Amino acid sequence: MLLRLFPHPLLSVWIVAVWVLLANEVTFGQLVLGLILGVLIPLATSAYWPGRPRVGAPLMMIEFMLVVLWDIVVSNIQVASLILFRRGDSLQSRFITLPLDLRSPEAITVLAGTITMTPGTVSADVSADGRALLVHCLETDGAEATVAQIKQRYERRLKRIFE
Amino acid sequence: MHWIGEAAVTALILIGAFFLLVGSFGLAKLPDMMRRLHGPSKSTTLGIGSLLIASMAYFAIAGDHISFHELLITIFLFLTAPVTAHMLAKAHILRSQADRSSLPPTDRPSGWATLDSEK
């Protein structure tokens, strides 16, 4: 019963929080309006999102976010220096295949997004069976090193969070 | 406004402007579509991130209220930027004959989703 009313409890909490932040003030009226949206939107969209992702390990989540934020800063400086000081043709750019250990679609989505935001890599496609990612590297020494780094830094932590 | 706060906000705005400029410059300079995708998808996150932190810091120090809209913009940006880059890359793979034939194998029975769904 409760699950039918709140198909995605975390999404409901999230919507209320975003609504209050959007209003930029915490008043009773805004809170009630946020709650109404937090119930209605997950109900209306639950048909398109039948699975219920399990999210655990909150400490790991914070660790993951800090690692990603740090990597974003580092990658920005790296990419900026590549753009400024290297001739475009001399960059060793190539596509690589990243085999996935993750199975949950939500986790793979987060991983693909993280890859795009971090050091010199953009996720370009996923294999039709959802078991491998196509990643484009701006400058790479070797495919194995990049794959190992992505697995070690992000995928290992996402596996703990989502699976 | 204290001069330290002023200096911090100024520095953040300058850093943000620098990375946005480099990102746009990369978009214009790099030779092909996939390499060009790297400039705007990354340099802009730190660039806009710095500008938003500067905005929050300014309103916290000089204004009379703390603004949370910047946090939301950051979250929305982090949600939408990778999706945009991903869609552009998929469209490019679909259209570019040269890149399509140079893709590495999936090491799986099925091919890449963009091309496999053509059948």
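This is a predicted model: local features need pLDDT of at least 70, side-chain atom pairs count only at pLDDT 80 or more; totals for chains, interfaces and linings use all residues.
For chain A the mean pLDDT is 83, with 97% of its residues at 70 or more.

Let's start with the overall layout. Chain A splits into domain 1, covering 2-48, and domain 2, covering 58-162. Taken over C-alpha atoms, the centres of these two domains of chain A are 32 Å apart.

Helix 2 and helix 3 (residues 28-45) of chain A cross at roughly 140°, and their axes come within 8 Å. Angles over 145 degrees would count as roughly antiparallel, and helix 2 and helix 3 of chain A are therefore described as oblique to each other. Their crossing is right-handed. On the helix 2 side, the contact residues include L11(A), I15(A), W19(A) and A23(A); on the helix 3 side, they include L31(A), G34(A), G38(A) and P42(A). Sorted by class, this contact between helix 2 and helix 3 of chain A has 13 nonpolar and four polar residues, with no charged ones.

Further along the chain there's another pair to look at. Helix 5 (residues 105-117) and helix 6 (residues 143-162) of chain A pack at about 150°, and their axes are 10 Å apart. That angle is why helix 5 and helix 6 of chain A are called roughly antiparallel to each other. Here, too, the crossing is right-handed. Helix 5 of chain A brings E106(A), A107(A), V110(A), L111(A), T114(A) and I115(A) to the contact, while helix 6 of chain A brings I150(A), Y154(A), E155(A), L158(A) and F162(A). By class, that makes eight nonpolar, one polar and two charged residues.

Finally, turn to the partner chain. On chain A, 38 residues are in contact with 40 residues of chain B. Several elements of chain A give two or more residues to this side, among them helix 2 (9-23), helix 5, strand 1 (94-99), strand 2 (121-126) and strand 3 (132-137). So which element of chain A gives the largest share of the side that touches chain B? That's helix 4 of chain A, with eight residues; this helix spans 58-85. By class, the side of chain A that touches chain B has 22 nonpolar, 12 polar and four charged residues.

Notes
Residues are numbered from 1 along each chain as its sequence is written. Chains are lettered from A and ligands numbered from 1 in the order in which they are written. Axes are lines fitted to C-alpha atoms, for helices over the stretch in contact, and angles run from 0 to 180 degrees between N-to-C directions. Helices (H or I, at least four residues) and strands (E, at least two) are DSSP runs, numbered from the N terminus. Angles under 35 degrees count as roughly parallel, over 145 as roughly antiparallel, 65 to 115 as roughly perpendicular and the rest as oblique. A crossing is left-handed if the near helix is turned anticlockwise from the far one by less than a right angle, and right-handed if clockwise. Two residues are in contact if their C-beta atoms, placed from the backbone, lie within 7 Å. Ala, Val, Leu, Ile, Met, Phe, Trp, Tyr, Cys and Pro count as nonpolar, Asp, Glu, Lys and Arg as charged, and the others, Gly among them, as polar. Domain bounds come from an automatic or database domain assignment. pLDDT is the predictor's confidence in each residue, from 0 to 100.
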